[in-house]
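Visitor: I am new to this structure and would like to learn how to read it. Could you walk me through a few of its features?

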Amino acid sequence: KERKDKICATKHTIFHEAGTLIPKVDFEKYLAPYCKLFGLDSPTIFKMGEYEKDPDMFSTTKFLLNSSAIKNGVSNLHTVYEKKIHSNSTLIPVTNGVYKKRWQALEWGPAIQKLSDKEFWQIKNHLRLRLISFAEEKTGEILNPEACTVVWARRFAAYKRPLLLFSDLAKLSQIVSNEKKPIQFIISGKAYPTDTLGQTSIDQIVALSKTPAFKGKIVYIPDYSITIALHLIHGADVWLNTPERGTEASGTSGMKAGLNGVLQCSVSDGWIDEIDWADKGWILSADRTKEDLYNYLEKNIPDLFYNKTLWIKSMRATIDIVDSGYTTERMFKDYIEKIYRF
């Protein structure tokens with residue numbers, strides 16, 4: 001108990017399966033000797049991590065939660081859905097934050113909101129051009145440096161619905177063919193090597209991006225990394241997020257992009273659910289996600305983007321939202337007050 005009182009735990013997903021599951025035979029072979037070395041009773045340790053769906057499996061997530069005095073989720077909505085799945089959950093919400101100096105482009109300077117609209121847009125154009133050049137370097141495809149650029153970039157997990165954008169190819173083809181108000185897409189991310197469905201989704205997107213309807217309008221950047229992420233969050237105009245509601249525990253990529261004035265188009269999940277996005281972004285309803293997505297991409301997003309005054313106003317508002325409430329400074333303050341208080 002003395003040791004437990006000194007342990008805080010953060011759970012980053014509603015899925016128990018996201019932790020490691022260890023068969024009992026492997027636990028006894030590899031971990032029991034380790035327990036003995038430190039004078040711990042290995043059957044007691046195993047019991048603390050016994051997976052509720054299989055008593056012969058040790059869950060590292062279950063063990064973490066059972067061996068800590070206080071535990072938290074990573075957004076308000078995360079803890080709500082956690083309790084729906086795990087009714088005995090005691091997670092306290094502490095929404096994630098992002099480190100401003102790492103993720104906000106240096107070109108914005110120390111006084112981003114004091115820039116004139118002209119200066120603001122010049123910097124945005126520069127960052128988008130840099131992204132378009134980077135995409136060409138990585139893919140060989142040439143995108144339009146002046147077109148509204150929508151980015152979907154994250155792990156290719158089924159619940160994140162990476163293929164939702166491509167669920168109506170005729171409609172998508174019509175959207176990217178808008179010559180008066182052009183819009184284009186950059187996709188990036190990785191799937192776990194064992195995730196066959198995720199790997200197949202990437203292959204499908206790559207193949208579609210090379211078809212006549214989408215060539216030069218949609219590209220997939222491979223080998224997703226922090227370097228690639230920086231290019232994407234700096235240069236994007238819209239950050240697209242399409243998870244099944246309740247599954248995206250936090251969604252820090254949207255915060256990182258938001259620090260650079262990238263507008264959000266997202267299911268109301270994770271941190272997104274904590275903000276009123278009226279006149280600042282677009283919320284995709286949980287039950288009509290695809291329909292909302294195509295409607296926004298066809299009309300609302302390009303109409304706003306090609307009205308520079310209103311778009312810049314929304315960019316500034318997005319930056320304010322992240323800067324005032326979703327940086328690591330606020331997050332650390334919450335941890336001090338809510339978690340490390342005992």
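Predicted model: local features only at pLDDT ≥ 70, side-chain atom pairs only at ≥ 80, totals over all residues.

**Inside and outside**

Guide: Gladly! Leaving aside its neighbours within four places in sequence, Ile-301 touches Cys-148, Ile-183, Val-238, Cys-265, Trp-282, Tyr-296 and Trp-311.

Visitor: Which residues have the most contacts inside the largest nonpolar core?

Guide: The general idea comes first: in soluble globular proteins, nonpolar side chains tend to be buried together. Here, the largest nonpolar core has 46 residues, and Ile-301 and Trp-311 have the most contacts inside it. Helix α11 (residues 289-305) gives the largest share of this core, seven residues. There is also a second, separate core of 28 residues, which includes Ile-228, Met-255, Leu-259 and Ile-321.

Visitor: Why does Leu-37 count as exposed?

Guide: Look at the relative accessible area, where exposed means over 50%. Leu-37 counts as exposed because its relative accessibility is 65%.

Visitor: Let me try a charged residue next. Is Lys-160 buried or exposed?

Guide: The cut-off for buried is under 20% relative accessible area. Lys-160 has 7%, so Lys-160 is buried. You will find Lys-160 in the loop between β7 (148-153) and α7 (169-176).

Visitor: Which side chain does Lys-160 join through a polar contact?

Guide: That of Glu-248: the two side chains are joined by a polar contact of 2.9 Å. Apart from neighbours within four places in sequence, the residues in contact with Lys-160 are Trp-152, Arg-154, Arg-155, Thr-242, Pro-243 and Glu-248.

Visitor: Now for the backbone. Which value does phi take at Arg-161?

Guide: As background, most residues other than glycine have a negative phi, and most peptide bonds are trans. In Arg-161, phi is positive, near 50°, and this residue is not a glycine. Like Lys-160, Arg-161 belongs to the loop between β7 and α7.

Visitor: What is phi at Asp-223, and where does Asp-223 lie?

Guide: Asp-223 is not a glycine either, yet its phi is positive, at about 55°. Asp-223 lies in the loop between β9 (218-221) and α9 (226-235).

Visitor: Is Asp-223 buried or exposed?

Guide: Use the cut-off again: exposed is over 50%. With a relative accessible area of 59%, Asp-223 is exposed.

Key:
Residues numbered from 1 in each chain as written. Heavy atoms only, no water. Buried < 20%, exposed > 50% of the residue type's maximum accessible area, 1.4 Å probe, protein only. Helix = DSSP H or I, 4+ residues; strand = E, 2+ residues; numbered from the N terminus. Polar contact = N/O pair within 3.5 Å; in protein donor to acceptor, adjacent residues only side chain to side chain. Contact = heavy atoms within 4.5 Å. Core = buried A, V, L, I, M, F, W, Y, C linked by side-chain atoms within 4.5 Å.
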